[in-house]
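Okay everyone, thanks for coming.

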2 protein chains.
Amino acid sequence: MNKVLTVVPLGGVEEIGLNMTVIGYENDMLVIDAGLMFPQEDMLGVDFVIPDLSYILENRDKIRGVVLTHGHEDHTGALPFLLREIDIPVYGTPLTLGLVKEKLKEHSLEDRELISVKPRDIIQLGVFSVEFVRVTHSIVDGVGLGIDTPIGKVVHTGDFKLDPTPVDGQLMDFHRFSEYGENGTLLMLSDSTNAEKGGFTFSEKEVRRAFENIFSTSKGRIIIATFASNIHRIQQAIDVAVKFDKKVILCGKSIVSNAQIALDLGYLQIPRETWLKLDDLNKLKDSEVVIITTGSQGEPMSVLSRIATDEHKHIKIKDGDVVILSAKMIPGNEHSIGRIINHLFRRGANVIYEKVSEVHVSGHASKEELKLMLNIVRPKYFIPVHGEYRHLVYHSILAEKIGIPKENIFILDDGDMLEISEEGARKNGRVNSGRVFIDGKGVGDVKDMVLRDRRRLGQDGILLVLIAVENLTGKIVSGPDIISRGFVFEEASSVIQDVGNLVSETLKGLDREIMSDPSLIKAKIRSVLKKYLRNTMEKSPMIVPIIFEV
Amino acid sequence: MNKVLTVVPLGGVEEIGLNMTVIGYENDMLVIDAGLMFPQEDMLGVDFVIPDLSYILENRDKIRGVVLTHGHEDHTGALPFLLREIDIPVYGTPLTLGLVKEKLKEHSLEDRELISVKPRDIIQLGVFSVEFVRVTHSIVDGVGLGIDTPIGKVVHTGDFKLDPTPVDGQLMDFHRFSEYGENGTLLMLSDSTNAEKGGFTFSEKEVRRAFENIFSTSKGRIIIATFASNIHRIQQAIDVAVKFDKKVILCGKSIVSNAQIALDLGYLQIPRETWLKLDDLNKLKDSEVVIITTGSQGEPMSVLSRIATDEHKHIKIKDGDVVILSAKMIPGNEHSIGRIINHLFRRGANVIYEKVSEVHVSGHASKEELKLMLNIVRPKYFIPVHGEYRHLVYHSILAEKIGIPKENIFILDDGDMLEISEEGARKNGRVNSGRVFIDGKGVGDVKDMVLRDRRRLGQDGILLVLIAVENLTGKIVSGPDIISRGFVFEEASSVIQDVGNLVSETLKGLDREIMSDPSLIKAKIRSVLKKYLRNTMEKSPMIVPIIFEV
């Protein structure tokens, strides 16, 4: 009864992002994906987040490799931080590895071993043999995984939708998934992102129809903002541009770099005469121009953002321009996106976005597709992944509906260990897990306390109380001086003066014993001011008393 | 040619919120609505925002009154701040005034004159006669306005939708709007909130169907979260509770207070035996319980939030409970709402929300309704209001479509003055306008500089550099000591030490002239550290050098 398969999600089951799962059997382990997450609003000043990698590092001798399902950063963004610590081979399809390579370069990790695979390739990683199975998604070259383990088949869908008419004609490999179902699947892990949404997700090709409508009626320049990794979206914009005799200019570092990678690998086709440079912009008639760029989420430094606020050197919005935001408005970004839309309208552009036209479709399967996948693969055990708790709940309701017994469905937390043996499956404890904040160039240097401080500082600012006291006597020789930042507008307020007076009075009332101990003075000042500011102003700035002993 | 009507929106045409418009003719002015706005994410520490009232205060002798279209805070929330400065009569329907009264009490302004009107009442305010016209909206007792001016009729729709089956059977007054159209309307101002949305907005009654489905199938307790002002939503929950033999408990200060106001005025009906108190909760079977509360936006101190995190004294979630979020997920709040949903699911509740069921409908007209309103009223001039720039643009496209000439449609900014005379209409300059931040108990004490500081503090924290220098010689007698807050986790980092060393070295290199001038020392420290931290860490904490002269 040593034959136990362990499954540990290190991220991706309590959030959208951080996707990373470790599968183990005796002395072998493999890692599926290594993703990052972009921070939520209340994580001020954090650039991004990665999963705690200590479980992997503790088992470094057992890890046989990392297999990647696709090239989105929520599946690959933690890879540099993993490969910095441990040198293991990484397996992925060509585009996935092409994008990863760029990232590794930035981290000076070009020497790491990247092994390219194609769909239906099978690789051996210790006791595991891993088959790559094509799926359709909002990035080219996505795969699911069929993993042979000593006690049965584990299927991981990766991120997928069932696109019946994919842009490149490469359908999802129904046949292989179906074979897994026919031969018996022990466990499936499947994408829960859209488990709340009824029906089927539209095909990527639907976007082409929207583009054609817009291209055929607009007389001005067309500017399309999308994700740099969405090669099919870019391909469709190019195809429609060719159809309507327009030229394409790719604008922005990431989109040019991604397009070049996709071109080199043959995933993107641009006729030579269609692809022009930004320098050629002025040689073209407005009706000939299609600019493809990034910034669909309202990112402040993006090309689109700079265009919208007249800060772009070469592209100024004018009457007749059409701007298409061909991307989902990610929750939390609506305000920034809304502002950009307003700016563009004000400058004379017509702006078209998800809410008003079909210029975007999701890359994730909706309820009917999820049920179909469950019915095809027919797993004995099921773990919904890629979602917050509520998405996993809705996905598990679907699994129950198609007949998987409730006790065979496992909603895991990040770090939970699921053990599967011939006797059954059960949660068995937790491994070290959590989130590591990446801030500027530092790694994990922003701990919770610092985040709490930032939140407080950002809320009500800071109040410094400076006093110089004589070393032994405790006599005040200078101060109190009050300095505030982010608190109240000093000149317009008598608050600062009131605070100073209050501190003076408080100090007068203290006996010499307290006055000779700076830490007691500080505590006293803090408690008096805290109470005063809360009662009079309902504010709680950070209060930092500073005592100089002279 | 002195016959000029002026129209000035002081808020509501660059944002959702702050609705307030001033109409003037010779020596008479009237104010339509006086709304607040809840802050956006980047306004850290601001409780809410009101329009700059100085245009009204400058013309205080001309102001004849305030007319309110309905009781939502984005139309009434600035009223206490207006009435604090100027004592003028306020006109509104009974529920609107009932809600306003509560607010005025909080500000000790109970003595202000509130004059109750009913639909089709006509009041005289200087040269203006104002007729109140019933509309349907997500709050009871909403009205539009038909204003007779010396040069023609001005129609203001208020916030509206065309609900064909309103809960209280009180239809919108198509007939009066139609009469305005028949007799000729000079100008219309109309609600643009949903101008991006195709089709018709569903009737409020559709929500009843969703409630009935849920009530008929659930065996546990039902908890409904909605806006306290949405009396019809509360009525429907009560009606369905009665139908299924359940009892209703209203939970939370604002919902009890609003319900009491509506009950007293006859806008809400609760059978005596249906309405129980929270104390009765334990006497009821789970299947009998319906709790109606607030917190649908994930507000951290709300009842729902406390229930979701096990911090509510009396209500603990258990298996079988059903929680319904019967409200729009307002953009910007999705993360907070998502977290609450996850917490509730984890504790065993089934959570139902807009995305997965029809438990909410909008209160604002969609495209087809907006076009119908334009066709009924047939105004010569049109001002889209109640929206951000993009909503106004989409609304004006609809107006053009139904035949209003483009030059007769005016997209205004907050503070723009539109002048209309028999010769025509034109923008003519701007009045003082802007946003005033209300923060804790202060009014407008947070200026932009402070907001910028807070943003910066919240981003990268603060770094204090403390030095004591001898007064004349400039000799350092103590320090540099480095204190940071919200910057890096001190113990885990050598950064603080590096900063200290860098300051020491910098100070050594300064000549005596500089050292004897604290402001020069400060400038030098700031510039050296700023550059250093940006280059090594890509961070920009606020740097505050503090020099003690001893």
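So, disulfides: searching the whole structure, across all chains, turns up zero of them. Quick reminder, a disulfide is a covalent bond that joins the sulfur atoms of two cysteines. And keep in mind that what you're looking at is a predicted model.

While we're on cysteines, is A:Cys251 buried or exposed? The cut-off for buried is under 20% relative accessible area. A:Cys251 comes out at 5%, so it counts as buried. Over in the other chain, B:Cys251 has a relative accessible area of 4%, so that one is buried too.

Now let's zoom out to chain A. How many of its residues are buried? Of the 550 residues there, 60% are.

How is chain A put together? Its domain assignment lists three pieces: domain 1 covers 5-199 plus 362-445, domain 2 covers 205-352, and domain 3 covers 447-549. For scale, the C-alpha trace of chain A spans about 85 × 75 × 45 Å along its principal axes. In there you'll find 16 helices and 26 strands.

Next, contacts. Take those in chain A with a separation of 6 or more: 71% of them link residues 24 or more positions apart.

Last up, charges. Chain A carries 67 positive and 78 negative side chains, and the centres of those two sets sit 3 Å apart.

Note on methods
Residues are numbered from 1 along each chain as its sequence is written. Chains are lettered from A and ligands numbered from 1 in the order in which they are written. This is a predicted model: local features need pLDDT of at least 70, side-chain atom pairs count only at pLDDT 80 or more; totals for chains, interfaces and linings use all residues. Side-chain values use heavy atoms; hydrogens and water are left out. Domain bounds come from an automatic or database domain assignment. Helices (H or I, at least four residues) and strands (E, at least two) are DSSP runs, numbered from the N terminus. Buried means under 20% relative accessible area, exposed over 50%, partly exposed in between (1.4 Å probe, protein chains only). Contact means heavy atoms within 4.5 Å. Lys and Arg count as positive and Asp and Glu as negative; His and the chain ends are not counted. The place of a charge is taken as NZ of Lys, CZ of Arg, CG of Asp or CD of Glu. A disulfide is a pair of cysteine sulfur atoms within 2.5 Å.
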